[in-house]
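Hi there,

Here is the structure I promised to hand over. Have a look at it first, and then read on for what turned up in it.

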Amino acid sequence: MLRAWDIQFLLADSVGKTLHAKLLNRITTDIQNGRLTPGCLLPGSRSLAEQLGINRKTVQQVYEELEVQGLLKSKLRSGTFVSEILPEQNLSAADASLINLVQKTKPSSKLVKNLYSDALALADCIAITNDGTPDVRLIPYDLLARTYRRVCVNLSRHAKLGYGDPRGAIELRSSIQKMLASDRFMHCSVQEICVVRGSQMGIYLASRIIDPKKGAIIIEELCYLPAQAAFEANGFTVIKCRLDEQGLDITYLREILASHEVSGVYVTPHHQYPTTVCLPMHRRLALLDLSKFYQFSIIEDDYDHEFHYETHPIPPLASLPNSENVIHIGSMSKVLAPGIRLGYLVSGTQFIERAAQEIVLIDRQGNTITEHVIADLMESGEIKRHIRKVRREYKDRRNHAAQEFIRFFGNNVSFALPTGGLAIWVDISQLVEGSDLSGLQNSDSILNTYFAGDQKTATHIRFGFGALNLDEITKVIKKLSQHLIG
């Protein structure tokens, strides 16, 4: 169909944090104010993507979402049109209120809305890559594909693709139990392990099971925001504990405990998120003593234990004396890729049973095929081999990133070379006064202000080297220096 005129769209003044939200709101507004009339033919997804300089997938998703809402209608071999009969058109205010779903749902917090927008941004391929994510290009695809095929055939032949244990396949829990005993000094049984869909699900389950009526949750003042959102969503008052150059400030924690009822403390002791600091042994032991004395839970988020480069890592809290109140959360997503969605909880059998009960209500059980695939790879030693390979690669990337920061910035920045993890915490306080840092947020580097809503002054950035190869690291740091130094 020949168009009389090409419809132009501007996203600059459209409401929304992501391109997806901006385009969705732009088209919706244009329909509501009559700019796009019923029956109007919209540009094809490829044409509109080229016009706006965005991913075609984003346009397709927006069109599909608006079609579900009844605002658009697609016609085979003809295109996408504004619906002839629009929903809610010509309704009275009273009738419109009857179909307003916003009034029928519980409101989400501002933090949850922001995290959801960030998730959409990642799906739209907007660059938020430097948060310490792994490089999915390093996945052993051929090995993974062969294992998936073999596991699918075996499970099908033995009729094992039906409903299973909500705690996860016994084969995978057994493999995890062996790994924890051998590599992390943790003595636990398979009944004390529950498989989850990534560490975030483990955090959410913990926030569901711990009782908010027993007291507040303490988190680190710079923290993993989805964890904070999970605790707040489940009714907890969140108290932030000060950090210093060694991680969680135990002296300040004692002051909080002396004046507040506390149900739990959420910590990232292996590599504090986002500052990368490793909590030393004497503070770990002190935290465990406090947990036993005040009877609060410790939620230990051990999200990247595998990546430690200089010495043997300090054992997890869950492996140390007085660890009865520790809920240990681990992840396989950093080892392979976030899309694998596989993690685990380790705690007492009563807690694990409660977690499994919650899982029954959420999705009944995990992905049986993926669980058997990872168990197969762990038992054959392939996971261990892959970890050794990527650990060497990530160490090289860490060292290269440190060298490039020194080369491009000199003495204008400072940082402590992290002993592990996939990111560097860089002090840029000498450069930021009077600088425009709007181009840094959610781009090549993440400002410290992102991790704590009450901090307004930018002093540090979290630079993730994991997802970038050596050439990419150089280009990104060079671009960063041009932005900050000029």
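**What was found**

Arg 137 is partly exposed, with a relative accessible area of 44%. Here, buried means under 20% relative accessible area, exposed means over 50%, and partly exposed is anything in between (1.4 Å probe, protein chains only).

Before we go further, a word on the source: this is a predicted model, where local features need pLDDT of at least 70 and side-chain atom pairs count only at pLDDT 80 or more, while totals for chains, interfaces and linings use all residues. Residues are numbered from 1 along each chain as its sequence is written, and side-chain values use heavy atoms, with hydrogens and water left out.

**The whole chain**

The protein chain has 15 helices and 15 strands. Both are DSSP runs numbered from the N terminus: helices are H or I with at least four residues, and strands are E with at least two. Of the 486 residues, 50% count as buried. The accessible surface of the chain comes to about 24,100 Å², and 53% of that belongs to carbon and sulfur atoms. Accessible areas come from the Shrake-Rupley method with a 1.4 Å probe, and for residues only the protein chains shown count as cover. Among contacts (heavy atoms within 4.5 Å) between residues at least 6 apart in sequence, 71% join residues at least 24 apart.

**Salt bridges**

Side chains of opposite charge can pair when their charged atoms come close. A salt bridge is counted when a side-chain nitrogen of Lys or Arg is within 4 Å of a carboxyl oxygen of Asp or Glu. A search of the whole structure finds 21 salt bridges.

Let's return to Arg 137. Its side chain meets that of Glu 472 in a salt bridge (2.9 Å, N to O). Arg 137 lies in the loop between helix 5 (110-123) and helix 6 (141-157), and Glu 472 lies in helix 15 (residues 470-484), so the pair ties together parts that are 335 residues apart in sequence. Glu 472 is partly exposed, at 25% relative accessible area.

Another salt bridge joins the side chains of Asp 244 and Arg 283 (2.8 Å, N to O). Asp 244 is in strand 6 (residues 243-244) and Arg 283 is in helix 11 (residues 281-294), so this pair ties together parts that are 39 residues apart in sequence. Asp 244 counts as partly exposed, at 25% relative accessibility, whereas Arg 283 counts as buried, at 10%.

What separates Glu 382 and Arg 385 in helix 14? They are 3 residues apart in that helix (residues 382-409), which means about one helical turn. Glu 382 is partly exposed, with a relative accessible area of 22%, and Arg 385 is exposed, with 56%. Elsewhere, salt bridges that share partners join Asp 135, Arg 137, Glu 393, Arg 397 and Glu 472 into one network.

**The sheet and a hairpin**

Strands of a sheet pair through backbone hydrogen bonds, either parallel or antiparallel. Two strands are taken to pair if DSSP finds at least two bridges between them. An open sheet of 7 strands has the order 3-11-10-9-8-4-5, with mixed pairing. Strand 3 (193-196) and strand 5 (238-241) stand at the edges, each with a single partner strand, so one side of each has no neighbour in the sheet.

Strand 8 (residues 262-267) and strand 9 (residues 297-302) pair in the parallel sense over 4 bridges, and Val 267 stands opposite Glu 300 in strand 9. Strand 4 and strand 5 also pair in the parallel sense over 4 bridges, with Val 238 in strand 5 as the bridge partner of Ile 217.

Strand 1 (residues 72-75) and strand 2 (residues 79-82) run antiparallel and are joined by 4 bridges. These two strands form a hairpin with 3 residues between them, and Arg 77 in the turn has a positive phi of about 65 degrees. In strand 2, Phe 81 is the bridge partner of Lys 73.

Enjoy exploring it!
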